[in-house]
Amino acid sequence: MLVFRLLLVRCALLSLLVTGAVLLACPAAQAQLRPKRASAEKAAAAAVLAPPCGAPPANPALQAGLAEAGELLKAYRESEALSRYEQVLAQAPATYEALWQAAVLSVRIGSRYTDESRRFAYYAAARLYANRALVVCPEGAEGHYAAARVLAAQAPLQPLRSRLLAYREMRPHVYQATELRPGWAAAWQLLGRWHYRVDHYSLPERVYSRLFMGGMPAGGSTLLAIEALRQSYKLDSQRIEVAYDLARVYLNRSQDARARFVLQAAVQLTPVTAEELVISRSCQKLLDQLNRRQRRQQVRFRRLL
């Protein structure tokens, strides 16, 4: 019995060099190799037929669905765009663009609800879409961005430990998004927000992190937040939410002149959505506070003279 097993092993090794001769001399090895060869051939064929990571689907109907969803998104009809992406996913569940877009849209739409149950439902759906996007395309910047957006949205609604775990889990996603797609303003903005949030943990968050989670997440810094937000603003200065984030971080560092410059440009932008209108008013409020502070400083300076 031992001799027979040794012969089988020898046949299997020799088959790598002289497959035909060995298979003729060793039928048992042939029977073992046949399913392996078939599976290898199927894998090779799938690799040839499968589109590159993130490539649009070959089906013209699916391409038309993605194009329609994109047009709805440009027209700020986000609920309709989400519905169209979901229709595409019903036909082709592994469509990368539809997955990450559906995740981001679910976060945006869910954040508008005051009812926590509906908000949680949207966030849960967004988490599933983002996870599937990362499975389909692990090296896709958009999938990492979507995953980070979901975690950032869910974190404030969770208890202390889960919230801190969410911010810790965000770290690789925000870095990957900017590294894989360095020209994407939204990714840099999210990285800046993560830096600022981690650097401004509350006292209970800091204590819990050090005692039970091995310390704070590595890299959180207000200075790095400024760098990331400045990069985002440089890439797309027309996004008013980026200007607002950057101005607030400048104010946190007492860089009033830089904050004023950004806010003055921001209030000149025309809001398109209700969210942008709210942010525009917040920018104007911050600018008014800065101007009042400057006037008070000027009055004190004149009195000293």
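Gln189 in this predicted model touches Leu229, Ser232, Arg239, Glu241, Val242 and Asp245, leaving aside residues up to four places away in sequence. The residue is found in helix H10. Its relative accessibility is 4%, so Gln189 counts as buried, the limit being under 20%.

Helix H10 gives the largest share of the lining, nine residues. At least two lining residues each come from helix H4 (60–74), H6, helix H8 (141–154), H9, H10, H13 and H15. By class, the lining of the largest pocket holds 26 nonpolar, nine polar and 15 charged residues.

Aromatic pairs are a further topic. The model has six of them by the rule applied here. Two of these pairs are set out below.

| Pair | Centre to centre | Angle between planes | Class |
|---|---|---|---|
| Trp100 and Trp184 | 5.8 Å | 75° | edge-to-face |
| Tyr167 and Tyr201 | 6.2 Å | 45° | tilted |

The Trp100 and Trp184 planes stand at 75°, and an angle over 60 degrees counts as edge-to-face, so the pair falls in that class. Trp100 belongs to helix H6 (residues 96–110), whereas Trp184 is in the loop between helix H9 (160–180) and helix H10 (185–199); the pair therefore ties together parts that are 84 residues apart in sequence. Trp100 is buried, at a relative accessible area of 12%, and Trp184 is buried with a relative accessible area of 12%. Ring pairs also bring in Tyr145, giving a cluster of Trp100, Tyr145 and Trp184. Over the ring of Trp184 sits the charged end of Arg181, 4.2 Å from the ring centre.

Helix H14 (residues 256–266) has buried residues at Asp256, Ala259, Arg260, Val262, Leu263 and Ala266. These buried residues pack against helix H12 (222–235), helix H13 (240–252) and helix H15 (274–304). H13 and H15 are also among the helices that each supply at least two residues of the lining of the largest pocket.

Definitions and conventions
Residues numbered from 1 in each chain as written. Predicted model: local features only at pLDDT ≥ 70, side-chain atom pairs only at ≥ 80, totals over all residues. Heavy atoms only, no water. Phe/Tyr/Trp six-rings, centres within 6.5 Å; stacked < 30°, edge-to-face > 60°. Helix = DSSP H or I, 4+ residues; strand = E, 2+ residues; numbered from the N terminus. Buried < 20%, exposed > 50% of the residue type's maximum accessible area, 1.4 Å probe, protein only. Lys NZ or Arg CZ within 6 Å of the ring centre and 35° of its normal. Contact = heavy atoms within 4.5 Å. Nonpolar A, V, L, I, M, F, W, Y, C, P; charged D, E, K, R; others polar.
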